[in-house]
Amino acid sequence: MRKIKLILTYEGAHFSGYELQPGKKTIRGELENALHKLFKTPLKTISASRTDAGVHALAQVVGFQLNNSIPTPKIASALNSCLPDGIKVVKAEEVGEDFHARYGAKSKEYEYLIYNGDIMPPFYEKLAWQMKYKLDLVAMRKAANILKGKHDFKSFCASRSDDKDFVRTMYLISIRKRKIRIWNGQDVSVISIRVKGNGFLYKMVRNMVGTLAEVGLGRTSLKDVRQILSGKDRKLAGRTAPADGLCLLKV
């Protein structure tokens with residue numbers, strides 16, 4: 001029995017998240033359908049991150065066991081011929097028996113994009129959150145510094161979570177403006193919020209972004225952020241940012 005690691009990229013707007021859901025089109029469901037079609041047997045996959053509906057991934061890590069002699073370099077192209085639009089296998093490699101996509105992950109990095117302006121180009125509607133009122137990035141960075149490090153992030157965990165341990169370590173929370181180049185050499189400016197940690201709770205990144213946005217709008221103070229963090233109550237934190245702006249960059 002071989003153990004195979006896949007690197008997936010997908011555009012999340014067309015899917016109801018990564019994990020299987022009855023009657024819904026999901027990333028895992030489509031991947032396992034493609035594996036079944038290719039290898040003529042049901043195969044179970046394990047992912048590093050169970051991204052929400054609408055969330056994208058540049059490099060999702062997935063593992064599965066395979067009892068087939070197909071050469072590893074051919075697996076990616078073979079799977080891509082069976083997968084629907086919006087999902088692609090970037091790479092496949094054979095790994096050791098001790099590999100585990102979820103429990104072996106040492107860190108995960110996400111990026112959230114905000115378009116801060118009146119008229120957002122329509123082709124970015126599923127890639128960024130539009131906020132028309134100007135955001136105070138200096139205040140947002142100060143708030144981000146409060147969230148860095150090892151904390152109990154229960155206030156940023158959605159209520160339907162099955163997590164019992166809410167302590168996570170945030171290695172990086174950076175907030176900056178960057179350019180996205182489109183046709184004819186035109187650059188569109190967005191606000192990038194990059195978050196790297198040893199793990200994340202259910203909707204944690206989106207809840208953190210929503211709170212940071214409230215700081216940027218002047219509705220939440222730095223004192224409030226400290227109280228939100230120490231309060232360990234989801235009702236204290238800001239709104240949940242839309243899924244469209246979030247992408248899993250790497251594991």
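Helix α4 (204-216) gives the most to the lining of the largest pocket, with three residues. Helices (H or I, at least four residues) and strands (E, at least two) are DSSP runs, numbered from the N terminus. The model is predicted: local features need pLDDT of at least 70, side-chain atom pairs count only at pLDDT 80 or more, and totals for chains, interfaces and linings use all residues. Residues are numbered from 1 along each chain as its sequence is written, and side-chain values use heavy atoms, without hydrogens or water.

The largest pocket holds about 1000 Å³ of space. Its lining comprises 34 residues, of which Arg50, Thr51, Asp52, Leu201 and Tyr202 are the closest to its centre. A pocket is an open set of points on a 1 Å grid over the protein atoms alone, where a 1.4 Å probe fits, with protein on both sides within 12 Å along at least five of seven lines; lining residues have an atom within 4 Å of a point. Volume is the space filled by probe spheres set on the points, which are joined across faces, edges and corners. Strand β5 (108-115) also supplies at least two lining residues.

The second largest pocket has a volume of about 280 Å³. Of its 19 lining residues, His56, Leu113, Leu127, Arg178 and Cys247 are the closest to its centre. Strands β1 (2-10), β3 (56-66), β5, β8 (167-181) and β10 (246-250) each supply at least two residues of this lining.

Phe156 touches Leu147, Tyr202 and Met204, among others (contact: heavy atoms within 4.5 Å; residues up to four places away in sequence not counted).
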